[in-house]
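I opened this entry to keep a record of what I looked up. The sequence and structure go in first, and my notes follow.

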Amino acid sequence: MGEKGRPIHLGAGVMPASFKVLHDPVKNYETIIADFGECAIGRVAPIDLGFWWIILLCAYTKSTGDTSLAELPECQRGIRLISTLCLSEAFDTFPTLLCADGCCMIDRRMGVYEYPIEIQALFFMALRCALYLLKNDDEGKECADRISKRLHALSYHMRSFFWLDIKQLNDIYRYKTEEYSHTAVNKFNVMPDSLPDWVFDFMPTRGGYFIGNVSPARMDFRWFCLSNCIAILSSLATPEQASAIMDLIESRWEELVGEMPLKICYPAMESHEWRIVTGCDPKNTG
C-alpha cells in the first residue's frame, strides 16, 4: 500500500485485482483496463494476487518442466519487483508483512488486518517459489540473498509466535503482563483474559494450528483453513506442526468440515458481528 492507503501500481510490483473490457461501439474496438483496487469496495489493493502469480508460475514450471516462460525477462522482472516491494523495510520491523484490512480473500473487511496468517503463509510460499524461479545472474542473486534471509526470519517468527497447541494455550493462560526487557516471556503483552471461551473446547489434546493474527496486546485465535493448508504445502509448518494440523482437522471434523469440503474460517461470526465487521448490507445477503 502506498501513501494514505493508495495502491502501489504494477511498476512497483502489485498485480491488478481484475480486468474490465471497455467496448467502443463507434470504432468497434475493445480495450482492457486493469483495476488495482480503485474500483474495489473499500478501495483496497489486494496484496495476495502478486503472491499467487509467483506460485502459479512456479507450479506451471514444475509440472511441465518448461522453464522458458519463467526465464523471460518480463517474468524475471515481475518476480523481482513483487519480491522487492514485499521485502522493503518500509513495511514494518517484523519479518511478517504489514497489511491493510480487506487486502485478501474478498474486497470487504473481514477483521483480517496487520499481520494476518492468510497473507503470511502466502508470503512464505511465494518467497520460496521466487527463490526457485530466479535466474542465477547478478540481479537474481541479489534478490535471492534477500529472500533467503527473510525466509529464515519469517519461518522462525511464524513457528514461534503464530503456533497454538494445548501446551501453548496453557502457557498463555498463565502469562504475566506488562513484562519489560528482552527476557520477557509474554513478548506481545497478550492479556490472558482475552482468550475466547470457545478456544478451550476447540483445542484437542493432540493437535494445533497457526492462529489468525498476532499483534501487540491482541491475538486473533480463529482457524483459517487456506493458510494452514498452505503452511503445510510450503513447509512453513514443521513436520510435527503439519501432523498436528491434520490431527486437529480429524478431531474437530464436525466443526471444520461437517457437510462442506472445508470451512474457510472457524468460528463463524454471529449475531450482528458479521454486518459490523464486513460492512455487508443485510438486504443484499441471502
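Which residue takes a positive phi just after helix 1? I found G65 there, with a phi of about 75°. I note that the model is a predicted one.

**Helix 1**

I then checked the length of helix 1, residues 48-64. Its 17 residues should span 24 Å at 1.5 Å a residue, and the end C-alpha atoms are 24 Å apart, so the two values agree.

I listed the buried positions in helix 1: D48, G50, F51, I54, I55, L57, C58 and T61. The buried residues of this helix pack against helix 2 (73-86) and helix 3 (117-133).

I looked at C58 on its own. Setting aside neighbours within four places in sequence, I found C58 in contact with C129, Y132 and L133. C58 and C129 are 71 residues apart in sequence, yet 5.8 Å separates their C-alpha atoms in space.

I picked out a nonpolar surface patch formed by F19, V21 and I32, with about 350 Å² of accessible area together. F19 sits in strand 1 (residues 18-24). Its relative accessibility is 57%, which is over 50%, so F19 counts as exposed.

N28 lies in the loop between strand 1 and strand 2 (29-35). I noted a positive phi of about 50° for N28, although it is not a glycine. N28 counts as exposed, at 63% relative accessibility.

**The loop between helix 7 and helix 8**

Is S234 buried or exposed? I have it down as buried, because its relative accessible area is 4%, under the 20% limit. S234 is in the loop between helix 7 (225-233) and helix 8 (239-251). Not counting residues up to four places away in sequence, S234 touches F124, M125 and R128.

S235 is in the loop between helix 7 and helix 8 as well. At 36% relative accessibility, S235 counts as partly exposed. I recorded a positive phi of about 65° for S235, which is not a glycine.

**A cis peptide bond**

Last, I looked up the peptide bond from Y266 to P267, which is cis, with omega near 0°. P267 is in the loop between strand 6 (265-266) and helix 10 (273-278). I wrote these backbone entries down because most residues other than glycine have a negative phi, and most peptide bonds are trans.

How values were computed: Residues numbered from 1 in each chain as written. Predicted model: local features only at pLDDT ≥ 70, side-chain atom pairs only at ≥ 80, totals over all residues. Heavy atoms only, no water. Helix = DSSP H or I, 4+ residues; strand = E, 2+ residues; numbered from the N terminus. Buried < 20%, exposed > 50% of the residue type's maximum accessible area, 1.4 Å probe, protein only. Contact = heavy atoms within 4.5 Å. Patch = residues over 30% accessible without salt bridge, like charges linked within 9 Å, V, L, I, M, F, W, Y side chains within 5 Å. Areas by Shrake-Rupley, 256 points an atom, 1.4 Å probe, with all protein chains shown as cover. Salt bridge = Lys/Arg side-chain N within 4 Å of Asp/Glu carboxyl O. Expected span 1.5 Å × (residues − 1).
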